[in-house]
Amino acid sequence: MSDSLLRPHAEQTYAAELAALAADGRTRPPSWQLSPAAVVTYLLGGEAPGGTPITPKYVGPRRLIEVAVATLATDRSLLLLGVPGTAKTWVSEHLAAAISGDSTLLVQGTSGTTDDAIRYGWNYARLLAEGPSEGALVPSPVMTAMRRGAIARIEELTRIPADVQDALITVLSEKTLPVPELESEVQAVKGFAVIATANDRDRGVNELSSALRRRFNTIVLPVPATHDEEVQIVTRRVAELGASLELPPVEAADEEIRRVVTIFRELRAGATEDGRVAVKSPSGTLSTAEAISVVTGGMALAAHFGDGVLGAADIAGGILGAVVKDPVADPVVWNEYLETVVRTRDGWDDLYRAALEVGA
Amino acid sequence: MSDALLVLGVRHHGPGSARGVVAALDGFAPDVVLVELPGDADAVLGFARDAELEPPVALLSYAADDPSLAAFWPLADFSPEWQALRWALRPGEARTAVPVRCIDLPATHQLALDAAARESDDALDDAGDAPDGEVDSPEAGLLAGDPLRALLAASGHDDPDGWWEAVIERPTGGPPFAAVAEAIGAVRAELGPPLAPPSAPADDPLARDRLLVREAAMRQAIRGARKDGFARIAVVCGAFHAPALREPLPPQAADQRLLRGLPKRKVHVTWVPWTHGRLAEATAVSPGWAAHCLRVPSAPAPGWLARAAALLRARGSNASTAQVIDAVRLADALAAMRGRPVAALSDLRDATLATLCDGDPVVAELIERDLLIDERQGSVPEGAPSVALETDLAARARGARLKREPRSATRELDLRRPLDQARSVLLHQVRLLGIGWGEPAADVRRSTGTFRETWAVAWDPALALDVVEASRWGTTVQGAATARLCHEALTAELPQLAAALGDALRAELPEAVAPLLACLDRRAAWQPDLAPVLEAIPGLVDTARYGDVRGTPLPALRDVLDALIVRACAGLPTALRGHDAAASEELSAQLDEVHAAIVLHDDPAQLERWLAALALAAGRADVHPLLLGRIARLRIDAGALTPEQAAAAFGRALSIGPDVEWRANWTAGFVAGPGLLLVHHPLLLELLDDWLAALGEEDARIAVALLRRAFGSLILAERRAIAGLVRGRSGEAAGVTSGAGVGGAGLDVHRATPALHRASAVLGLDPAAVVAAFAGSAEASA
């Protein structure tokens, strides 16, 4: 039945791989569907004991995934940090699918998330009819996970108001959820843990309290490691987006994509790719996702208002908008970069001129 | 008891090996211990008995006639060789001491071979065929570049050092010495240099493989010990040599041939204090980790993570005991998952990052160095022979005819004389080494002439200790000063780096210049704040000019300086915003300095860029009026504004400023010294005068208070001239016509005469005529 779904869950799509890995016969922590080593293999790809090939779900440093799995194996909770587009949600979904066989115990954090979503709510019709009772209680995904000894996922933890976040503290340290209305409590079954994700660069929205923070082991997921890898991601996504937005085909995009990625990587890294010139980093994230939108925006410009060829003039404005997020500090960063790097680089004259034009 | 030979092949600075050596020696109970240290170190080995010899220390040997030709053998607590020395020489109550012999090729040959290699390298350099510059030393890392590394890489281990750590340096039980020797023997038989010496070595001693020569020397030493009647012999050497030293030893004749005719050089051998930091620079070892493993081999995690937490707390981060507990659990879980019996450094690193540092690598980096290096310095007993640095210092002092006397004295040096120049360079270098022999008596950097220096010198006998301490930086004064300067540059701020560069130039340390410039460039880019950049520019301009004066132009410095000016210009308009009066005053003084420096720098393009940045800043409303006034003034002085434009700007400021304080601040910035701005531009004076005259009583009081300070910065004659002009203006409307009125009434020709005479002599004019002309003009103006 999953064929007709728009987007099946990870445990549905990769059911065969999970079944093959489950047959490895190694010791599993209580309630785990796979052994820790098998979970790492599931995430990073490899081969199951029976010879079944396992596709890689995450491309990145092995040690990060090992730390994540070891964290969950010690009943600690896991906080995945990273700039947008670094596969935080993706990793959390696959970890939950591999460990509990269920990635659906999910709380989406927003500024409107109430503590009903983390603790429990009530079915008011039954509450009025029966008074407080087990039957009138509506458990949250976290409560369900505690009962089952499964992984609960919380997305965008820092978007949740601080007082609601703090409802997690008891759950994470005492591993119980009191229900005073029923004079009872839910005690977590072994295997329960929380995987939360949060946006690293969106600081200060609802900063985690240090009490909550120290109950998580934190892993920062990095941006793509190499230039080529990132160019490839951007190219693919731009092509997909271009198709879905039904933009007219635009020429010579590769060269401009390469330049956008180069600029973003250099500003993020604080040094030119050849390592010879150090540059300052702006306050914005400059994620791969933003590079994608700069290029798509440039292509729309070129297609509708330009000559149909993506050129420096089409991307200069987008780059400026992505780099300059703080009106005070970022223009300095950008001007320095323009003067020390862009101006002197061979074949980048057009970009330098275009940037000066939009920057003036 | 039968004759026996125990060969312990160790990893240099491996804590597991160190522990294993002690256990093996305890079990074997040798009657002599042979250690892989240069044979001529036997003479100073006795000092190791002294408890005052405390690791980390290094055996230092250097050529008697050229201290720059030197080699160090560092030993730390966790070095197996040190543990062997300790076992043998400091037995405690239960055992008696056991003699120790050093068996490696004596330094007298090693240094002679090094010297020969250095010469042939130079010859290659001259021929334009650059050698790769790597000193070939199988000791640099046991596994670096040797066949074992190739073998491990081929079998899928990407980190041979880690493999060695995990498999050989087992946290418990100690390394299996025999099995390691066998494995390396097999590898060497397949891929490496031969185990036994060739039957006919090359006639030229320089062409022989150094490794084989050294092993021949070691075997000869073993035979010698046997001949001297020792029955139970223990050998502690690098694992790589172990298979070549095992019994049965090959025939003696081949070794003798290999050692025949080796060049010799007179060398001194001594002990010097060493540091963990220096040890880490030279090897792949993390001294902090190795020392920790030696102390707590079986459960390193709690102690290590507790120390990480303590370091974090010392830096103001939260790191509670509860977090340490969680970190230990994570590290142990990781080790189990990665198939290790005990957490390794990488597990602990991951646990520290995830649990104690909230995943923030920046925080982790803060403590990483302290954790891994765990800086400490060893000591040597007082009786140890003096060090190479001392020898070099004595020779240099003799050469510069500077006596090291305790009496303090002042020395005037004229750098145009070669002898004084040599003295200056020596004193500067010694100062950079932290040896308090001489201090510049006047501020050298700001002295008027670049060819004169004044030093207060005094040699306190206690400085001998400083020399010993400084000897860890190198064996010559120049080399050590360079090493120390470069080392300190790694953590220095921008202005200090600029000063260090000047020091390098004055102390003639050309090799320090490139690394310093690299640091400077990096630091400038990371610097979020503009103030240090501005602070660094004047010093660097001085240095660049000084280099030009001394005939050592530094094109690279000019590049860095230009980049710095570009950064300053890019950030200036933003950096000037939003300061209060006190901060603005400081900034204004700094702007003056930077402006003067950039004008001096004599590069029209940079000056233009700077003026453009000033112009941009001048147009901003959120810059403090004092700075706005100052900027307008700097632009006039540089000719970027005509007097008419300046007058317009001044008039605008006086009319649009929100209140009298704002206007007065602007004016104060504008008219502050130096120079005769108001005298030469009557238009400006008129504006100012009119504005002041029109102020009400309350406003006037505020304005006068602010302007007083500005006028206070002018010299007396300037103030007089302005006062005269103002008086003239109020007397008769069309009073002053030209700036020539500087003289004014009350000019004393008699008092001016000596000055006029001197000026005429300088200019080559006739003094009498000049005085006469002056008297004439004074009268006319009166």
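A salt bridge is taken here as a side-chain nitrogen of Lys or Arg lying within 4 Å of a carboxyl oxygen of Asp or Glu. In this predicted model, R63(A) forms such a salt bridge with D350(B), with the closest N and O atoms 2.6 Å apart. Between chain A and chain B, the count of salt bridges is seven, and nine residue pairs are in polar contact, both residues of each pair being at pLDDT 80 or more. On the side of chain A that touches chain B, two or more residues are given by each of α3 (36-44), α4 (62-73), α10 (210-213), β11 (216-220) and α15 (330-342) of chain A. Of these elements, α4(A) provides the largest share of that side, namely six residues. Sorted by class, the side of chain A that touches chain B consists of twelve nonpolar, seven polar and eleven charged residues.

The contact as a whole draws 30 residues from chain A and 31 residues from chain B. The area buried between chain A and chain B amounts to about 2400 Å², and carbon and sulfur atoms account for 56% of this area.

Within chain A, T262(A) was examined individually. This residue is part of helix α12, which spans residues 253-269 of chain A. T262(A) counts as buried because its relative accessibility is 10%, the cut-off for a buried residue being under 20%. When residues up to four places away in sequence are not counted, T262(A) touches H227(A), E273(A), Y337(A), R345(A) and W348(A).

Note on methods. Residues are numbered from 1 along each chain as its sequence is written. Chains are lettered from A and ligands numbered from 1 in the order in which they are written. This is a predicted model: local features need pLDDT of at least 70, side-chain atom pairs count only at pLDDT 80 or more; totals for chains, interfaces and linings use all residues. Side-chain values use heavy atoms; hydrogens and water are left out. Helices (H or I, at least four residues) and strands (E, at least two) are DSSP runs, numbered from the N terminus. Buried means under 20% relative accessible area, exposed over 50%, partly exposed in between (1.4 Å probe, protein chains only). Contact means heavy atoms within 4.5 Å. Buried area is the accessible area (1.4 Å probe) that two parts lose on being put together, summed over both. A polar contact is a pair of N or O atoms within 3.5 Å; within protein, one must be able to donate a hydrogen and the other to accept it, and residues adjacent in sequence count only if both atoms are side-chain atoms. Ala, Val, Leu, Ile, Met, Phe, Trp, Tyr, Cys and Pro count as nonpolar, Asp, Glu, Lys and Arg as charged, and the others, Gly among them, as polar.
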